[in-house]
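Take a walk through this model with the sequence alongside. We begin at one helix and move on to the core.

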Amino acid sequence: MTSEQTRRDFMRKGLAILVSAAIPAFAQSEEPTSQPGKKVVVLDPGHGMGNRKKGVYDPGAVHEKIYEEKIVLDQSKRVGKILAQKGYDIISTRTDSETETPLSSRPILANQQNADIFVSLHCNAFTNPDAKGVRTYHYPDTKQGIKLARQVQDSLVEELTANIPGFEQKYNGLKTANFHVLKHTNMPAVLVESGFLTNERDRKYLTQNPEIVAEGIDKGIIKYLEEE
Ligand SMILES: [Zn+2]
């Protein structure tokens, strides 16, 4: 990306600098650890211990005994492994279910590490079991964020369509949201909802074909980074 575009995206997010500076506990303790010249990807598996409240485990969406938190943690490891093999620097906001990881700490980590992009991983759930498919969120009017979101959304849908029998997505899953992790990150940031745990078809590929989901997300990320 050009620094000018990043700067403009950043300005649109407005408060990010102020908010990061106001939380010194996370903001000032560490120097960036990434290697010079390598692009840095921060992966953010959603939920986990202390996400919303200190000491309280947040499983995310739960369907029967399937926890969103566990699904996206596994996704994050798979996505990170492929990206690392391709030569990118990978930083994860959490790597287990037990370590305290407040929501507020996640964008701060990415900002500290001067990440090139931030990708938050989630699964959806809804009262109507027919709701299904992939959705990718970006912060409003962030040119690079929209571009990254489109690449990830399209690549994941393409990968699922090619490899999961019966998968088709008829709607455009690109969405706008002012989620905390999208708003307070200084770099292009997206949040991927890779399917609905409450839908039978989606639940099946989320639990049985995690390698296909990871491959799709990776293809989108790599496409974006290679074009920048
Ligand atoms: Zn979630």
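Which residues of helix 8 are buried? Asp202, Arg203 and Leu206 are the buried ones, in a helix that covers residues 200-208. Buried means 20 or more other C-beta atoms within 10 Å of the residue's own; exposed means 12 or fewer; partly exposed lies in between; C-beta atoms are placed from the backbone. Helices (H or I, at least four residues) and strands (E, at least two) are DSSP runs, numbered from the N terminus.

Look down the axis of helix 8. Its buried residues fall within an arc of 100°, so they line one face of the helix. The arc is taken over the directions from the helix axis to the C-beta atoms. Glu200 and Gln208 are exposed, on the face turned away from the buried side. The buried residues of helix 8 pack against strand 4 (62-63), strand 5 (66-67), helix 4, strand 7, strand 10 and helix 9.

A word on the source. This is a predicted model, in which local features need pLDDT of at least 70 and side-chain atom pairs count only at pLDDT 80 or more, while totals for chains, interfaces and linings use all residues. Residues are numbered from 1 along each chain as its sequence is written. pLDDT is the predictor's confidence in each residue, from 0 to 100. The protein averages 90, and 85% of the residues score at least 70. Residues 15-29 fall below 50; this stretch has 18 contacts in the model beyond near neighbours in sequence. A contact is a pair of residues whose C-beta atoms, placed from the backbone, lie within 7 Å.

Now the core. The largest nonpolar core has 48 residues. Such a core is a set of buried Ala, Val, Leu, Ile, Met, Phe, Trp, Tyr and Cys residues joined through C-beta atoms within 7 Å. Val41, Ile117, Phe118, Val119 and Val190 have the most contacts inside it. Elements that each supply at least two residues include strand 1 (40-45), strand 7 (117-124) and helix 9 (210-227). Helix 6 gives the largest share, six residues. Beyond four places in sequence, Val41 touches Leu83, Tyr88, Asp89, Ile90, Ala115, Asp116, Ile117, Val119 and Ile221.

Helix 5 is largely enclosed by the rest of the structure, because seven of its eight residues are buried. Among them are Arg106, Pro107 and Asn111. Asparagine 114 follows helix 5 and has a positive phi, near 50°.

Finish at lysine 77, in helix 4. Lysine 77 has 16 other C-beta atoms within 10 Å, so it is partly exposed.

Technical notes: Contact = placed C-beta atoms within 7 Å.
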